[in-house]
Amino acid sequence: MITFWLLAVLIVASAVFVVSAPRPVYSVVGLLVNFLCLAIMYLTLSAEFLAVIQVVVYSGAILVLFLFVIALLSSGVRAFSVGPNRLPRILAPVSVFAALGLGGLLFVIIESTPPAAQPATTAATAAGNAGVFGSVADFGQALFTTYLLPFEATAFVLMIAVIGVIALAGDVDAPRPPRRKTLRQRERERILKEGS
Amino acid sequence: MEVALANYIGLSAVIFMIGVTGVVARRNPLIMLMGIELMWNAANLAFIAYAKAYMSNAGHVFAFLVITVAAAEAAIGLAIIVIVFRRVEHVDVDDVAVLKG
């Protein structure tokens, strides 16, 4: 209980910091705190594999990508993102009200309708227990049997993303180095030169 | 003491709205992308909280798929930002109006 509220406060504070920080680098640091706290919260929800994936993919890969782009864009030019923010003054209280309102509404609705009767399985207490809810073995079993087709579809999605990024960021129109002449072409030029 | 499901869903909604605020209010494309990442994470938290409440693996699998799509989205979004703003000193999404009629 106290873990949840501690993590909730940290998560909300870091999320607010992400959207209100003056520079993108600060936002990335706030996002890092946010992701790590969410990973701990996933652990308390007995989603072990997803907690690890959260740290590896989000904190490891995506945030490093953000940092690379920030370094790439601000290199050589003046301080990045000093421009107008265009955050209307009225928007801050409105968004706070909307966030708390939506959160409170969902809280009330779900509190009043508890989920259906749970099957008599116990939560994972130690890693590696096959058949125990939330363990890595259990997750893998579900991923490779029941949900095999969606899993294969993610491979397709990632492939398209890779091709798209290469097509976007790769310098397709750059001048290519001259190709080496083939033996046949050189022979033809030699004959033409001798003939003239 | 067990935390009620509604607490997690309320927290998820709050994170989601913070992400929406980031996308709507900020004009820096990187921070807008980070707001989108916050929204993905709010959805993931809801998935995992419901998976725990119903003791079902489906929520975990879908959260896994969401993480995959989020990674692809971040990669493509950052590539677009790089090619659009590579030669621009001042980064502001409102300046990108080439397609405006």
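Begin by selecting the residues around the second largest pocket of this predicted model, whose volume is about 320 Å³. A pocket here is an open set of points on a 1 Å grid over the protein atoms alone, where a 1.4 Å probe fits, with protein on both sides within 12 Å along at least five of seven lines. Grid points are joined across faces, edges and corners, and the volume is the space filled by probe spheres set on them.

The lining (residues with an atom within 4 Å of a point) has 16 residues, and Val16(A), Val19(A), Ser95(A), Val96(A) and Thr21(B) lie nearest the centre. By class, twelve are nonpolar, three polar and one charged. Ala, Val, Leu, Ile, Met, Phe, Trp, Tyr, Cys and Pro count as nonpolar, Asp, Glu, Lys and Arg as charged, and the others, Gly among them, as polar. Colour α1 and α4 (91-112) of chain A and α1 of chain B next: each supplies at least two lining residues. Helices are DSSP runs of H or I with at least four residues, numbered from the N terminus.

Residues are numbered from 1 along each chain as its sequence is written, and chains are lettered from A in the order in which they are written. Local features need pLDDT of at least 70, side-chain atom pairs count only at pLDDT 80 or more, and totals for chains, interfaces and linings use all residues, while side-chain values use heavy atoms, with hydrogens and water left out.

Now select Phe66(A) and Leu45(B), which touch the most other members of the largest nonpolar core, a group of 62 residues. Such a core joins buried Ala, Val, Leu, Ile, Met, Phe, Trp, Tyr and Cys residues through side-chain atoms within 4.5 Å; buried means under 20% relative accessible area, exposed over 50%, and partly exposed in between (1.4 Å probe, protein chains only). α3(B) gives the most to this core, with twelve residues. Leaving aside residues up to four places away in sequence, Phe66(A) touches Val28(A), Leu30(B), Leu33(B), Met34(B), Glu37(B) and Leu78(B).

Move to Val29(A), in helix α2 of chain A. Because its relative accessibility is 46%, Val29(A) counts as partly exposed.

The chain mean is 80, and confidence is highest in α2(A), at 93. Over residues 76-84 of chain A, pLDDT stays under 50.

Key. Contact means heavy atoms within 4.5 Å. pLDDT is the predictor's confidence in each residue, from 0 to 100.
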